Amino acid sequence: MNYEEKSPKMEQSAHEAPQSQEDILTNAAENQEVEEEMEEDVEHEEELPEEDYSTYSKDELYETLRAAHPVNKLSKEEVEQYYRLLTKIEPFFKAIIQDEREQALEKYLADGGEADGFEYRLDEKAKHFFEIAKALRQRRQSIRQELQEALRNNLKRKQEILDELRHAVESIETEETIRQVKHLQAEWRKTGPVPKRFARDLWARYNALIDMFYNNLSLFHELKELDRKKNLEAKEEICAKIEALVELPAREAFRQLKVLQQEYRHIGPVPQEEKDNIWERYKKAVNAIYEKRRREDELFKQQLQENLAKKKALVEKLTPFAEFESDRIKEWNAKTEEIKAIQKEWEEIGPVPREEGKEVSKSFWSKFKQFFKRKGEFFHKLDEERQQHLLKKQELFEKAKAIIEESTEETIEEAAKQLKKLQDEWRKIGSVPEKARKKIEEGFRKLMNDFFDKRRAIHSKKEEAFVENLKKKEALIEQINARTEEVLANVEPEDEVEQWIEAWVAIGHVPRKDISRIQNAFIKAMHELVQRFPGLDEESREELDLSITIRLAKHKAGGERKLRQKRNQIMHKIRSIREEIDTLRNNIEFFGESSEAAKMREAYEERIAKAQEQLHVLEKKLDLIDSI
């Protein structure tokens with residue numbers, strides 16, 4: 001889609017005859033004169049601050065031009081001002097539109113579309129922007145045509161006035177002739193400007209005819225003098241007005257001066273004796289305004305240089321920002337505030353010389369944009385990382401949800417361990433995109449809170465059961481302690497021990513804070529029970545005590561694993577003792593028949609006997625573990 005608008009120039013119809021070279025030159029001259037007339041009420045561009053519209057966004061450019069709507073309500077001067085504004089901002093607006101079109105095309109192609117089927121449609125702001133632009137051009141062209149037509153009509157009218165004035169000058173001098181000349185003078189002053197290429201000649205012819213008319217007057221000399229005195233008064237009044245302009249700012253004074261000069265030129269001759277005086281006064285007053293303008297121009301140029309120096313200093317101040325690098329958001333935000341402060345300083349500085357302003361402005365904004373480009377790249381990378389973090393957290397969320405859904409009262413502790421690991425993983429994952437943060441964080445937190453609330457409820461319920469179990473175990477210990485020797489004499493020790501341990505284990509868990517106390521009380525009661533069995537030797541009592549310890553160990557969490565470890569340790573020790581016995585027996589064979597050798601043999605046999613006793617104890621422990 002082409003967004004270029006056609007210039008509202010007059011196109012030559014196919015049936016029109018080709019223009020001659022003279023016609024072309026005439027039209028070019030008229031166009032130039034129209035441009036000059038339209039510029040008269042518009043401030044000179046060199047005196048305006050140079051705005052850098054390249055930094056404006058699409059919306060900012062639109063808002064800048066939108067003030068021109070509706071175009072038909074604008075004055076001629078406002079139309080020209082907004083047209084000049086349009087010529088500056090339209091290229092940047094079109095460039096942004098072109099970028100948007102290219103991005104839309106890339107996305108369209110990436111989504112599987114064909115290039116031939118792509119159609120880009122302007123949004124409402126873009127359409128309105130181009131509508132305003134078109135209306136401005138049409139309105140300006142209309143004003144140009146009206147002005148061009150007015151210049152032609154004024155030229156024609158002044159040529160007619162000159163013809164009528166020439167006829168009056170050449171006719172007999174009467175009161176009617178004088179009235180006619182006065183009327184023609186008024187008509188001349190009332191008639192607006194003409195094309196500038198004709199103005200000097202027309203004025204010279206007009207002035208010559210007026211002088212000729214007054215010089216030829218004889219019968220009405222007194223009337224002529226009176227008229228010249230009135231002209232003198234009018235010129236003196238204009239001189240006074242020009243002299244007062246020196247109090248105004250130079251720009252405003254210069255604007256009003258042009259109007260007064262135009263009035264001065266259209267006033268007729270003054271008395272001969274006052275001609276030089278009034279001219280000197282007029283020239284002095286005008287020169288004072290020009291001198292004021294010159295001085296202010298010099299001060300303005302000096303200010304432009306000072307502004308240029310300030311802007312160059314800000315460019316240097318901005319240089320490090322173009323290469324700034326950091327992996328911390330806080331540092332980027334701090335630098336952004338600094339660079340915005342520099343931008344504010346830049347905007348507060350006034351205009352600079354046009355020939356150097358573009359270069360320093362280009363240098364400043366290129367560094368400015370470079371900083372924000374790097375910042376954009378950083379946050380783009382950060383957004384990608386946050387998106388990956390979001391995916392990881394979503395994955396953990398689903399894992400946690402599955403664990404919770406599959407958990408039961410029996411497996412809730414295992415589920416809690418898994419969920420705590422997931423919580424640790426969750427905390428280690430970095431931040432997620434801001435728009436998703438609240439939802440994912442609150443969702444995960446609620447999931448965890450609901451689970452652990454449920455777990456606490458189960459624990460609370462279990463705790464009540466544990467208290468009951470504690471009472472049962474305390475009662476059980478009392479029963480064990482109540483078993484007398486008389487009762488124990490009629491039971492098998494192994495059966496007695498086994499039934500109490502089975503009863504103890506069958507009761508179940510007790511509150512955590514009471515585990516150690518009640519367990520120790522039970523073991524103590526069981527060991528005392530063993531001591532009360534009548535008719536048992538010490539070895540049998542030791543075996544029963546060991547049996548109690550082993551049986552209780554079996555029923556503890558991980559008890560079977562610990563018993564296997566204990567069995568392996570005993571087996572290792574048995575092998576070690578057997579190897580030691582074999583070594584001692586082997587060494588005995590090498591002893592001689594001396595009394596000293598006999599002593600050593602006796603010592604070795606004593607060590608072998610002790611090792612065999614130890615081996616016997618260990619083998620009994622091993623048999624006991626295997627039996628359990």
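Are Trp-332 and Phe-371 buried or exposed? Trp-332 is buried, and Phe-371 is buried too (buried is under 20% relative accessible area, exposed over 50%, partly exposed in between, with a 1.4 Å probe and protein chains only).

## What you're looking at

This is a predicted model, where local features need pLDDT of at least 70, side-chain atom pairs count only at pLDDT 80 or more, and totals for chains, interfaces and linings use all residues. Residues are numbered from 1 along each chain as its sequence is written, and side-chain values use heavy atoms, with hydrogens and water left out.

## Rings that pair up

There are 26 aromatic pairs here (rings of Phe, Tyr and Trp, its six-membered ring, with centres within 6.5 Å; planes under 30 degrees apart are stacked, over 60 edge-to-face, the rest tilted). Take Phe-93 and Phe-130: their ring centres are 5.7 Å apart and their planes sit at 80°, so this pair is edge-to-face. Phe-93 belongs to helix α3 (residues 76–110) and Phe-130 to helix α4, so the pair ties together parts 37 residues apart in sequence. Helices are DSSP runs of H or I, at least four residues, numbered from the N terminus. Both Phe-93 and Phe-130 are buried.

Back to Trp-332 and Phe-371: they make a tilted pair, 5.5 Å centre to centre with 45° between the planes. Trp-332 is in helix α10 (residues 329–348) and Phe-371 in helix α11 (residues 354–406), 39 residues apart. Ring pairs also link them into a cluster whose members include Phe-321, Trp-346 and Phe-379.

## Charges over rings

Lys-335 lies over the face of Phe-321, 4.9 Å from the ring centre (the rule: NZ of Lys or CZ of Arg within 6 Å of the ring centre and within 35 degrees of the ring normal). Lys-158 does likewise with Trp-188, at 4.6 Å.

How values were computed. Helix = DSSP H or I, 4+ residues; strand = E, 2+ residues; numbered from the N terminus.
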